[in-house]
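Here are my notes on this one, as numbered points. Have the model open while you read.

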Amino acid sequence: MGESAEMRPAALIFDVFGTCVDWRTSIAREVETVLPQVNALQFADAWRAEYQPAMERIRSGNRGYVALDDLHRENLAIVAERFSVELKDPSDLAGAWERLVPWPDVVSGLNVLKRKAIIAPCSNGSIALMTRLAKFGGLPWDCILGADIARDYKPKPLVYTNCCAVLRLDPAQVMMVAAHNDDLLAAAGCGLQTAFVPRRREHGPDQRTDLQPTGNWTVVAADFMELAQAI
């Protein structure tokens, strides 16, 4: 990015699951505690695999808006049945999505970025989930934005544009930060600036997706500290 003040974003909004936090290892750790008889990483992957199909029923209009907290609980029941396990108190494990560990560069990087611009999540997680996750991981957001504001799920354009609207900023003044090229493609289509920060082990050592940028994003950075230097 150039040094023109006009190009510097007034706000950065962030994908959270995968971009800011290591959901896979964190969920597997909790699964191992609650369900020691199953392969914890396989269970975590299976649970996450239900994420997009559940949201797609809402995005497509086949179901009204349901917060991700509730979708996680529904998906947990599906996966538990598939793995032939019974949960004495499903709410304990469902709450694991509020206890995800940030990647090592995230908290320090966000604190630097916070001095330069407004920072907020643009996540499919609810306000409640994102708030508790921020408390757990020390994520220093200025406010919580995302799916609950739009009552819809990314990559629907309303999720991105509503974040800009509630901040009273034009999309061109806002930068979407994500480790997922499809997220950035949707944001760019709404006129936002974009930053790609790869998380090459989000899905484990055999990850095959989002290893490299696939679009002409505004910024490509190795981590949040490098992103802070670039804006």
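1. Helix α2 first: its buried residues pack against α1 (23-34), α3, α4 (68-82) and α5 (90-94). Contact here means heavy atoms within 4.5 Å, and helices are DSSP runs (H or I, at least four residues) numbered from the N terminus. The residues in question are A40, F43, A44, A46, W47 and R48, from a helix covering residues 40-49; buried means under 20% relative accessible area with a 1.4 Å probe, protein chains only.

2. A word on provenance: this is a predicted model, with local features needing pLDDT of at least 70, side-chain atom pairs counting only at pLDDT 80 or more, and totals for chains, interfaces and linings using all residues. Residues are numbered from 1 along each chain as its sequence is written, and side-chain values use heavy atoms, leaving out hydrogens and water.

3. Look at the start of α2, too. There a side-chain oxygen of N39 comes within 3.2 Å of the backbone nitrogen of L41.

4. On cysteines, the disulfide count is zero, taking a disulfide as a pair of cysteine sulfur atoms within 2.5 Å. For C20, the nearest cysteine sulfur belongs to C122 and is 11 Å away; C20 is buried, at 0% relative accessible area.

How values were computed. Buried < 20%, exposed > 50% of the residue type's maximum accessible area, 1.4 Å probe, protein only. Helix = DSSP H or I, 4+ residues; strand = E, 2+ residues; numbered from the N terminus. Polar contact = N/O pair within 3.5 Å; in protein donor to acceptor, adjacent residues only side chain to side chain.
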